Amino acid sequence: RGAAAVRLAKQEAEPEACIAAVAIQLGLIHDADRLYRECGRYDLLNQLYQASGFWDRALDVAETKDRIHLKTTHHHYAMHLEAIGDINGAVKHFELADTHRTEVPRMLFDLSQVSRDPKVLSKLEEYIAHSSDPELIKWWAGYCESIGQYDKARHFYHRAQNYFSLVRIACFNREIPRAKNIVEETNNGQYSICRLTLY
C-alpha cells in the first residue's frame, strides 16, 4: 500500500504534493492538508476534504480557490446527501451543480420506485410544476404522455412551448381540429409536415 502511494505521488510535479499523497496513506490528514495549501494544489485539497467527509471545507475551497471544480463538488455533495437521505439538500446541490435536469428526476423517481410511495412521485411533479426550466418541463410532459396521462402531458408541453408534441398528441387521439388549431396558431415552419398530413 505504501509503495503504491509513493508511485502515485511521483506523478505530481510539486514535491509537497508528493509528500502529501504519502501522508494521506499514513493517515496524516492534517499534514496533507498543510502540504497541499503550501504548494497551492487546492484541487487535491478539495478532493482530500471530499474523501474525508469535510463537505463544508470542500465547498469553501471550491468556492474560493478551486472554482473550476465548484459544480463537480456540489454534484458530489448532492450524491452524498442523497445517499444519507437528505433529499431536499440533494435537490439544492444538484441545482447548484446544474445537474438537476437529470439528477433530481432520477433521484425522486428511483425513490418512488423503492419506497412505492406515490407521495414521492407527486413531489417530483410538484418540483417540476414550480420549475421554469423548459427541458425539465418537457421531460415531465414526455413521462406523463408515456403513461397515458394526456391532459397532464398537454399542460406541460404547453408550458414548455413544445407545440410539435401537442400536435402529435392531438393526432394520436384523433383530435384533428385541435391539431389544426395548434398548427395555425403557432404558424411555424417546422409544422409544415403536420399541415400536409392534416389537410
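Which residues of α6 are buried? They are L70, T73, H74, H75, Y77, A78 and L81, where buried means under 20% relative accessible area, against over 50% for exposed and partly exposed in between, with a 1.4 Å probe and protein chains only. This is a predicted model, in which local features need pLDDT of at least 70 and side-chain atom pairs count only at pLDDT 80 or more, while totals for chains, interfaces and linings use all residues. Residues are numbered from 1 along each chain as its sequence is written, and side-chain values use heavy atoms, with hydrogens and water left out.

**Helix α6**
- Helix α6 covers residues 70-83 and reaches 20 Å from its first C-alpha to its last, close to the 20 Å expected; helices are DSSP runs of H or I with at least four residues, numbered from the N terminus, and the expected span is 1.5 Å times one less than the number of residues.
- The cover over the buried residues of α6 includes α4 (42-52), α5 (55-64), α7 (87-97) and α8 (100-115).

**H93 in α7**
- H93 belongs to helix α7 and is buried, with a relative accessible area of 9%.
- Leaving aside neighbours within four places in sequence, H93 is in contact (heavy atoms within 4.5 Å) with L59, H74, H75, Y77, A78 and L81.
- The side chains of H93 and H74 make a polar contact at 2.9 Å, that is, a pair of N or O atoms within 3.5 Å, of which, within protein, one must be able to donate a hydrogen and the other to accept it, and residues adjacent in sequence count only if both atoms are side-chain atoms.

**S112 in α8**
- S112 lies in helix α8 and counts as buried at 6% relative accessibility.
- A polar atom of the S112 side chain lies 2.7 Å from the backbone oxygen of F109.

Note on methods. Helix = DSSP H or I, 4+ residues; strand = E, 2+ residues; numbered from the N terminus.
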